[in-house]
Amino acid sequence: MRKLLFYIISFLLFVFPLLFLVYKSFFGLWRWGSPVPVEPGIRAWQVLINEGQFVDAIGASVWIAIVVLSINLLIGVTSGRVFSLSSYRGKSIVEALLMLPLFLPVLVVAIGLHITFIRYGLADHWTGVALVHLVPTIPYSIKMFKTGYERIGTKLIEQSAMLGGSAFQRFYHIELPLLLPSIRSVLFLTIVISLSQYVLTAIIGGGNVVTLSMVYYPFTDTADEAVMAAFSIVFALIPIMLYIILEGCLKFLLPYQHPRGRKNL
Amino acid sequence: MKWQRVNNTFLLIPALLFFIFIPGLGIVLALLESVRSGGTITFGHYVDLFEEERFMTSFLFSLTVTSISTILSLCIGLGIVKAFSPLLKENKHKLIVWIPMLVPHFVWAYLVYSLFNQSGFYSNVFGMAGWIDDRSQFPTLVQERKGIGIILTYVWKEVPFVTLMLLPVYTTLSKSYKEIASLLGAGPYKAFWVAEWPFILPVLVETGAILFAFIFTAYEVPQLLGVTSPQMLAILAYDWFYSGTWSDRPLAFASLVLVGLGIGFVMWLLIYFTNKKRMHITKGIRN
């Protein structure tokens with residue numbers, strides 16, 4: 001009973017909108033008062049792919065997202081480790097400071113940095129955009145890695161230290177594999193947030209850095225609804241594709257990734 | 001161990017470098033820009049700001065829209081987690097609920113637009129069902145003066161985020177507190193306030209603070225679903241920032257800095273007090 005209710009609610013609220021977009025991208029506009037369109041077509045998708053800027057924009061967005069992700073992983077792992085495994089004076093202040101960007105308007109940061117970024121040639125360039133995309137993502141990464149390290153606890157790490165493991169060995173054989181859930185969440189969230197930034201990209205990129213969101217906005221006024229729907233779906237597909245690719249890479253990079261038979265260790 | 005402390009401080013360097021050179025520097029520069037006029041320091045821009053009628057309208061409008069969106073998201077999110085937390089432990093259910101987090105806010109805004117505008121999906125459905133004869137009879141829900149479309153988008157998009165934040169609390173929340181409460185004669189209502197509320201309150205406050213700060217100055221959704229007047233604050237600030245006349249630029253800085261400081265201060269107070277409470281609770285459990 002409760003399960004049924006759950007499925008009904010989540011279908012109406014969460015699954016239906018996505019299906020609606022998929023439907024719309026193939027069936028196009030439903031004119032008011034006319035019957036529901038039933039003839040599917042891939043015209044909208046063709047229009048999108050043939051739009052020159054579109055493919056370039058995917059490249060730019062993905063590149064920026066990957067750079068942002070790498071810096072997030074670096075900062076997240078290092079500070080997450082400190083915040084969960086050690087205690088020292090002033091820790092809570094530092095932690096609160098690093099969470100601060102979550103509670104402040106990012107727009108302030110963007111306009112504040114604008115002139116400085118112009119001076120150092122970071123504005124109108126993807127590096128500046130990537131740097132400013134760090135602001136809304138880093139606090140989440142730190143939070144997630146902190147939880148990740150809390151889940152690992154100190155015992156395994158202490159034991160490894162006693163058995164003579166070096167810092168690197170500890171990190172590679174113990175921490176990294178156990179951090180996998182955190183890595184996955186950070187991966188996903190960072191990519192989605194980076195793809196979502198319009199105003200930050202517009203201000204710092206100055207129109208020269210053309211990411212997907214920069215192409216999307218002018219489209220909302222002009223293009224037909226089927227193309228808009230297809231374009232919208234791309235925003236969900238990119239993180240999923242990147243996730244699958246990066247998950248594949250992690251399988252090679254991380255040890256102990258052959259779970260068959262050892263799943264319930 | 002001393003070597004370990006040295007080691008760990010070293011690990012904080014990337015995070016601190018980031019903080020100092022990106023958000024820290026940005027905020028300081030925005031602050032300086034907002035009090036600078038020619039070569040002198042003045043609060044004149046703030047005075048100008050309060051004389052601008054557009055600012056006050058837009059401030060109040062943003063405040064209303066943001067408060068309603070935040071409170072509704074928290075309530076609905078809490079409701080979903082409370083009702084379905086055993087089901088939400090399974091990954092497949094979690095993933096269904098988190099679908100809206102897959103796409104950017106502006107995509108969700110476009111979705112709301114195409115579902116709820118007067119020739120959109122629901123209008124069509126109503127027309128087919130014979131409830132309305134013409135699309136003009138469908139209520140205006142997007143691009144209208146009350147911000148209904150904006151609120152709808154944010155609530156819909158943020159409910160999954162609220163569940164994401166609350167779920168860990170519910171999975172670790174020990175059942176025994178509730179059992180004790182009901183053994184001692186508390187009804188379900190009382191048991192909630194005694195055995196659940198103190199644990200979820202800090203997370204609710206934190207989540208609400210994140211949402212509030214985010215929605216108050218977000219640009220993307222109001223740009224698609226709003227009207228020219230009243231405007232959300234970010235739109236106004238963006239206009240001022242990019243308007244042809246340079247004299248408007250300090251207004252953009254002043255308005256955003258003012259809002260930022262205001263939000264920052266309230267959040268700090270809230271989190272300071274709830275953190276104290278949270279510490280109390282964790283220590284209470286461990287004893």
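Which residue of chain B forms a salt bridge with A:K143, and how far apart are the closest N and O atoms?

## Between the two chains

In this predicted model, A:K143 forms a salt bridge with B:E206, and the closest N and O atoms of the pair lie 2.3 Å apart. The count of salt bridges between chain A and chain B is one.

The contact between the chains involves 77 residues of chain A and 83 residues of chain B. Together the two chains bury about 7000 Å², with 79% of that area on carbon and sulfur atoms. Of the area that chain A buries against chain B, 13% comes from A:F14, A:W32 and A:F103, which is more than any other three residues supply.

## A helix pair in chain A

Within chain A, helix α4 (residues 91-99) and helix α6 (residues 126-152) have axes that come within 8 Å and cross at roughly 135°, and the two helices are therefore oblique to each other. From α4(A), the residues A:E95, A:L98 and A:M99 meet A:P139, A:I142, A:K143 and A:K146 of α6(A). Sorted by class, this contact has four nonpolar, no polar and three charged residues.

## A helix pair in chain B

In chain B, the axes of helix α9 (residues 175-183) and helix α10 (residues 188-216) also come within 8 Å, but they cross at roughly 155°, which makes α9(B) roughly antiparallel to α10(B). The crossing of α9(B) past α10(B) is right-handed. On the side of α9(B) the contact is made by B:Y177, B:K178 and B:A181, while α10(B) contributes B:A191, B:A195, B:E196 and B:F199; by class, there are five nonpolar, no polar and two charged residues in this contact.

Key:
Residues numbered from 1 in each chain as written. Chains lettered and ligands numbered in written order. Predicted model: local features only at pLDDT ≥ 70, side-chain atom pairs only at ≥ 80, totals over all residues. Heavy atoms only, no water. Axes fitted to C-alpha atoms, helices over the stretch in contact; angles between N-to-C directions. Helix = DSSP H or I, 4+ residues; strand = E, 2+ residues; numbered from the N terminus. Parallel < 35°, antiparallel > 145°, perpendicular 65-115°, else oblique. Contact = heavy atoms within 4.5 Å. Nonpolar A, V, L, I, M, F, W, Y, C, P; charged D, E, K, R; others polar. Left-handed = near helix turned anticlockwise from the far one by under 90°. Buried area = accessible area lost by both parts, 1.4 Å probe. Salt bridge = Lys/Arg side-chain N within 4 Å of Asp/Glu carboxyl O.
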